[in-house]
Amino acid sequence: MATIRDIAAAVGVSSGTVSRVLNNDPSLSISQARRETIVATAQELGYATPRSRYRASKIAPLAGRKGGVQARIALLHFLTSEQELFDPYYVGVRLGIERRCAENGLEIGRVFTPLSPWNVKDHGAMPGAIVIGKHGRGEIAALSAHCPQVVFADVDPHLAQHDCVAADLAMATRQILDGLWSVGYRRIGFIGCNELMDGNSEPYTEMRCRAYLDWMKAKNALDPALLALGEGREWGHNLRLEVGYEQAGRLLALPVRPDAILAANDNMAIGAYRAIQEEGLTIPAHIALASFNNIPVTEFLNPTLSTMDIPGDSIGEAAVDLLVERLMGRTYSKHVTIPTRMRWRDSCRHPAG
């Protein structure tokens, strides 16, 4: 069995760095690429932590029972590998899934993406699958027909029969808006995207957008001009830097610009930074910013970005835990909510404490 020293030698880092990465130490300063290399090398060398060896010893006797743990599962991702590289949040979700699978002795047999979609004719059935992000109902139905246990990560598909784990984005949105309002921001804009899937053309259905509209209406402060949404049918792919740049530009061009902007994710907020700076404006003196996800780069922006911390790796780990329970025989569904935490920083005034 491989040791931490073996992994360190293969990657060219210290044993302490390997140990901290494999134990998910958040205080470790290391690039995401190096972190992924260490995790991948550990998997290739067959490394198992003491915790995972203990868990495997408990699970292995159940493998032969009806409903017991199966060896190979599928992973269905709404992003391609290239698209995922531009969104560290979803890298975290996937790494959480891979780490917990390794701990439980599960093997990710196939990964399906938009470039390699699920097709039962080509790939056959599997006992379990984890679905990351939003997918069309037709795709979900086809997967469910050939995969007995399906768990959704980072999304609630509103399908009672399936397990899911996600953050409460509506509550998180209200929390950010409450904080901005409490320190005097009144003309608050929102940049995001329309959520169009399965031919559904109904606008404003994305959860953060919907929560923003409802909250602003309740405050009698809604100005439709302050809502700037990217168009197109690729929902998650619209939450990108360039879309944030474009939509922030729309708000800045208004006769009366907002005094604060809430972005649907950190990538869009980073795009908004550029748009604001190109107008010769200063954050937060002229306009404030806040967003969602707390990806690592947000602490290194100038000014640092206020953002809602959504633990993607914990969402991934919890999704695997749910799938293991299902494979071991649980027959009822669970819908798990992972808590969020606001990280108030220098991009806006924020509540004391």
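**Close-up views of a predicted model**

**View 1. An open sheet of six strands runs in the order S2-S1-S3-S4-S5-S11, with parallel pairing.** Strands, here and below, are DSSP runs of E with at least two residues, helices are runs of H or I with at least four, and both are numbered from the N terminus. Two strands pair if DSSP finds at least two bridges between them. Strand S2 (107-112) and strand S11 (335-338) are the edges of the sheet; each has a single partner strand, so one side of each is left without a neighbour in the sheet. Direction ignored, neighbouring strands of this sheet are turned by 20 degrees against each other on average. Strand S1 (residues 72-77) pairs with strand S3 (residues 128-132) in the parallel sense, over four bridges. Leu 75 has Ile 130 in S3 as its bridge partner.

The structure is a predicted model, in which local features need pLDDT of at least 70 and side-chain atom pairs count only at pLDDT 80 or more, while totals for chains, interfaces and linings use all residues. Residues are numbered from 1 along each chain as its sequence is written, and side-chain values use heavy atoms, with hydrogens and water left out.

**View 2. The whole chain has 13 helices and 12 strands.** Of the 353 residues in the chain, 52% are buried. Buried means under 20% relative accessible area, exposed means over 50%, and partly exposed lies in between (1.4 Å probe, protein chains only). Contact means heavy atoms within 4.5 Å. Among contacts between residues at least 6 apart in sequence, 71% join residues at least 24 apart.

**View 3. Another open sheet of six strands has the order S7-S6-S8-S9-S10-S12, with mixed pairing.** S7 and strand S12 (341-343) stand at its edges with a single partner strand each, so one side of each is left without a neighbour in the sheet. From one strand to the next, the twist averages 20 degrees. Strand S6 (residues 188-193) and S7 run parallel and are joined by four bridges. In this pair, Ile 191 stands opposite Ala 228 in S7. S6 also pairs with strand S8 (residues 260-263) in the parallel sense, over four bridges. Here Phe 190 is the residue opposite Leu 262 in S8.

**View 4. The side chains of strand S7 (residues 227-230) point two ways.** Leu 227 and Leu 229 point one way, Ala 228 and Gly 230 point the other way, and all are buried. Helix H11 (residues 241-252) lies across S6, S7 and S8 and runs at about 150 degrees to S7. Axes are lines fitted to C-alpha atoms, for helices over the stretch in contact, and angles run from 0 to 180 degrees between N-to-C directions.

**View 5. Helix H6 and helix H13 (residues 312-327) cross at roughly 40 degrees, with axes that come within 6 Å.** The crossing is right-handed, a term for a near helix turned clockwise from the far one by less than a right angle, whereas anticlockwise is left-handed. Residues making the contact include Tyr 89, Gly 92, Val 93 and Arg 99 of H6 and Gly 312, Asp 313, Glu 317 and Val 320 of H13. By class, seven residues in this contact are nonpolar, five are polar and five are charged. Ala, Val, Leu, Ile, Met, Phe, Trp, Tyr, Cys and Pro count as nonpolar, Asp, Glu, Lys and Arg as charged, and the others, Gly among them, as polar.

**View 6. Arg 99 is part of helix H6 (residues 88-104).** Its relative accessible area is 15%, so Arg 99 is buried. Not counting residues up to four places away in sequence, Arg 99 touches Leu 22, Asn 24, Asp 313 and Glu 317. The side chains of Arg 99 and Glu 317 make a polar contact (3.0 Å). A polar contact is a pair of N or O atoms within 3.5 Å; within protein, one must be able to donate a hydrogen and the other to accept it, and residues adjacent in sequence count only if both atoms are side-chain atoms.

**View 7. Two loops hold cis peptide bonds.** Most residues other than glycine have a negative phi, and most peptide bonds are trans. A cis peptide bond joins Ile 283 and Pro 284, with omega about 0 degrees. Pro 284 lies in the loop between helix H12 (266-278) and strand S9 (288-293). Asn 302 and Pro 303 are also joined by a cis peptide bond, with omega about 0 degrees. The loop that holds Pro 303 is between S9 and strand S10 (306-309).
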